[in-house]
Amino acid sequence: MDPDAFKQTFSGLALGNAMAAAARDYQKEVLANGKAQATTNEDVDLDELLDDPELEKLHAERVAALKKEVEKREVLKRQGHGEYREVTEGDFLGEVTGSEKVICHFYHREFYRCKIMDKHLKALAPLYLGTKFIKLDAENASFFVTKLAVKTLPCVILFKKGIACDRLVGFQDLGSKDDFSTRALENILKKKGIIDEKKKGDGSDGEEDADDFKNRRIRTSAAQDSDSD
């Protein structure tokens, strides 16, 4: 079979990643062995391939998994995940108890370091849909500031199942400097178990600032939209 014709035929088959990989492997094998003009006996019967129950099963499972993932993302987005939002003191309790993992930044509008923390948390929020990212104006939340013993700002409190389990006070965990990277904050949050480890191949090595994270967020969003098509 002509390799170009083979490639064109396979490009139209919506059989998922497994089929696409199999097609590429087969084409490489044909080209490597110099069998571009293979005999009829060596040709692939695409009709049989399409009717293969195992491939149909794999494709159905792939579609079902993608659908389930899209539905899960939609539920989390309705709960306020996927963005960095400001909440009021009246909404605070419902926000931290309504999700399994929550990061809340107690901040002051005029504090420079709070603005730095805002920038990094805003960059991370769309990348970790499983965790809710919120902020609360400490000046307008005296009850919870007292209850949670918030004494230094910025103060980032980590909640799991509605319970405050850890916190970042000022920039103590970030080298006590203002120019820490978004990657540095991300790694600390990973170690504390409040955000999930990213899958291999997400570009997680090296340093990355908020602008780099903005670009990664755009790529992540595009990939999610592609999966949902």
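Here are some questions and answers about the sheet and the backbone of this predicted model.

Residues are numbered from 1 along each chain as its sequence is written. In this predicted model, local features need pLDDT of at least 70 and side-chain atom pairs count only at pLDDT 80 or more, while totals for chains, interfaces and linings use all residues; side-chain values use heavy atoms, with hydrogens and water left out.

Reader: Happy to start with the sheet: which strands stand at its edges, and why is one side of each left without a neighbour?

Author: Five strands form an open sheet with mixed pairing, in the order E1-E3-E2-E4-E5. Strands (E, at least two residues) are DSSP runs numbered from the N terminus, and two of them pair if DSSP finds at least two bridges between them. Because each edge strand has a single partner, one side of it lacks a neighbour in the sheet; these strands are E1 (84–87) and E5.

Reader: What angle does the direction of helix H6 make with that of E2?

Author: Helices are DSSP runs too (H or I, at least four residues). Helix H6 (residues 112–124) packs on the sheet and touches E1, E2, E3 and E4, where contact means heavy atoms within 4.5 Å. Axes are lines fitted to C-alpha atoms, for helices over the stretch in contact, and angles run from 0 to 180 degrees between N-to-C directions. For H6 and E2 the angle is about 155 degrees.

Reader: Nice! Which residue takes a positive phi in the hairpin of E4 and E5?

Author: E4 and E5 run antiparallel, with six bridges between them. Two residues lie between the strands of this hairpin, and the one with a positive phi near 55 degrees is Lys 161.

Reader: Is Ser 176 buried, partly exposed or exposed?

Author: Ser 176 lies in the loop between E5 and helix H8 (182–191), and has a positive phi of about 55 degrees although it is not a glycine. Buried means under 20% relative accessible area, exposed over 50%, and partly exposed in between (1.4 Å probe, protein chains only). At 48% relative accessibility, Ser 176 is partly exposed.
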